[in-house]
Amino acid sequence: MKKNLFFLFFIIFIDTLGIGILIPIVPQILGDPTSAYYLLSPEQKDLGFFLLGLLVASYPVEVFFAAPILGALSDKYGRKPILVVSILGTSISYFVFAYAIFTQNIPLLFLSRIFDGITGGNISVAQAAIADLTSRENRTRNYGMMGSVFGLGFIFGPFLGGVLSSPAVHSSFDVSTPFIFSGILALCSAVFLTFFFKESIIEKARERKINLLASFYNIAKANKFSSLRFLFVVSLLFSLGITFYTSFFNVYLTNKFGFSAADIGAFFAYVGVCIIFTQLFIVGAIAKRFSEIEILGPAYLASGIMIAAFLVPNIAWQVILIVPIAAIPHGLQHANFISLLTKKADPDMLGEVLGVQSSISSIGQALPPIFAGSLAAIFAPGMPIFISALFIISAGIIFIKKVKPYA
């Protein structure tokens with residue numbers, strides 16, 4: 001079981017690594033006209049913001065369609081084959097993205113992210129496999145470990161994105177190099193999964209039908225899970241909020257403080273260290289004293305307030321001081337939410353429930369980048385951060401008013 005969990009955590013690490021690598025690079029190619037890698041003319045800054053939003057949105061839009069299908073397929077045919085196919089798709093998409101940057105082909109950038117999204121519902125499948133292998137009592141701890149793996153991805157992803165894209169480190173490096181590295185790593189992961197991962201499902205749901213429009217039905221179906229209804233609402237609000245933050249915080253740092261790709265990489269590596277510390281030393285300790293129901297409401301409220309606090313500083317080092325405090329409620333939210341959701345779901349419907357959750361999360365991740373680009377162009381790069389705080393605080397209020405009293 002431990003070996004299987006290791007491979008599942010590694011898959012999640014690969015996905016998060018790819019997201020992390022994008023963080024310091026995307027502003028350079030579409031968000032910063034002063035960058036040597038900017039793909040538009042300097043006077044097209046507003047168009048660059050808009051395209052950046054669309055590029056970030058293209059991946060979760062496709063995950064919205066694909067994740068529930070992959071989740072249902074994993075219930076029917078097993079987690080292993082779906083994980084192998086999806087991680088191979090991730091590998092191919094990284095290579096295509098690198099080629100698109102090298103050839104300055106903006107449409108191909110979009111195609112690579114769309115392809116990764118189609119095969120990229122593997123995190124929800126990996127979450128279901130973790131639940132297959134874990135007792136109910138240990139789920140919070142293992143999902144806390146999963147949060148630590150996310151943290152590792154956000155340490156090494158931005159760091160590698162900054163280092164491997166810098167010609168100062170090696171003359172052959174440019175902004176396409178990190179994606180070649182990630183593609184090779186994902187390919188190795190698929191090979192290891194093929195030969196060493198043991199299927200986690202004991203009895204497969206062979207009779208389950210696969211619906212290609214499952215995502216749309218999932219949004220409607222979410223309302224039918226009476227015990228999970230408001231959890232899904234909270235998940236949507238949090239996803240909207242956190243995506244407004246993550247999709248443009250790097251652009252905010254670039255425009256307000258003049259951060260370079262290496263600066264952004266180092267900053268998000270620091271964020272990752274803080275998240276890992278939270279997951280390893282704080283989540284478990286608090287979980288021993290409080291239930292998920294008791295933790296989540298205050299965690300959402302505190303997370304929203306701390307995101308708003310990032311708008312206050314006018315000096316870069318002041319932003320750095322906020323990060324360790326902001327990491328605590330965010331870390332508590334992730335591990336406890338997934339644990340609560342899987343505990344409240346029927347075991348034989350776990351893949352489907354997590355597919356519904358992934359669809360809702362994907363909607364929350366797809367819409368903000370589109371609007372964030374326009375908000376940044378019309379108002380200021382900090383406006384998406386303010387909207388983020390409002391959504392996450394709303395998630396906390398809904399949880400306290402509608403979930404906690406009926407737990």
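Start by selecting Glu43, which is exposed, with a relative accessible area of 67%. Buried here means under 20% relative accessible area, exposed over 50%, and partly exposed in between, with a 1.4 Å probe and protein chains only. Glu43 is found in the loop between α1 (2–31) and α2 (45–77).

The model is predicted, so local features need pLDDT of at least 70 and side-chain atom pairs count only at pLDDT 80 or more, while totals for chains, interfaces and linings use all residues. Residues are numbered from 1 along each chain as its sequence is written, and side-chain values use heavy atoms, with hydrogens and water left out.

**The whole chain**

Zoom out and colour by secondary structure. The chain has 14 helices and zero strands. Helices (H or I, at least four residues) and strands (E, at least two) are DSSP runs, numbered from the N terminus. Of the 407 residues, 58% count as buried.

**Gln104 and helix α4**

Next select Gln104, in the loop between α3 (79–102) and α4. Gln104 is not a glycine, yet has a positive phi of about 55°. Most residues other than glycine have a negative phi. At 57% relative accessibility, Gln104 counts as exposed.

Move on into helix α4 (residues 106–118) and show the side chains of Arg113 and Asp116, which lie three residues apart, about one turn of the helix. These two form a salt bridge, with the closest N and O atoms 3.3 Å apart. The term means a side-chain nitrogen of Lys or Arg within 4 Å of a carboxyl oxygen of Asp or Glu. The structure holds one salt bridge.

**A surface patch**

Together, Phe65, Leu213, Phe216 and Tyr217 form a nonpolar patch with about 410 Å² of accessible area. Patches are made of residues with over 30% relative accessible area and no salt bridge; like charges are joined within 9 Å, and nonpolar side chains (Val, Leu, Ile, Met, Phe, Trp, Tyr) within 5 Å. Accessible areas come from the Shrake-Rupley method with a 1.4 Å probe, and for residues only the protein chains shown count as cover. Phe216 lies in helix α8 (residues 214–221) and, at 46% relative accessibility, counts as partly exposed.

**Helix pairs**

Show helix α9 (residues 229–257) with α10: they pack at an angle of about 130°, with their axes 11 Å apart. That makes α9 oblique to α10. Axes are lines fitted to C-alpha atoms, for helices over the stretch in contact, and angles run from 0 to 180 degrees between N-to-C directions. Angles under 35 degrees count as roughly parallel, over 145 as roughly antiparallel, 65 to 115 as roughly perpendicular and the rest as oblique.

Stay on helix α10 (residues 261–289) and pick Ala269. At 11% relative accessibility, Ala269 counts as buried. Gly157 is 112 residues from Ala269 in sequence, but the two are 7.7 Å apart in space, C-alpha to C-alpha.

Finish with helix α11 (residues 292–309) and helix α14 (residues 383–403), which pack at an angle of about 160°, with their axes 8 Å apart. That makes α11 roughly antiparallel to α14.
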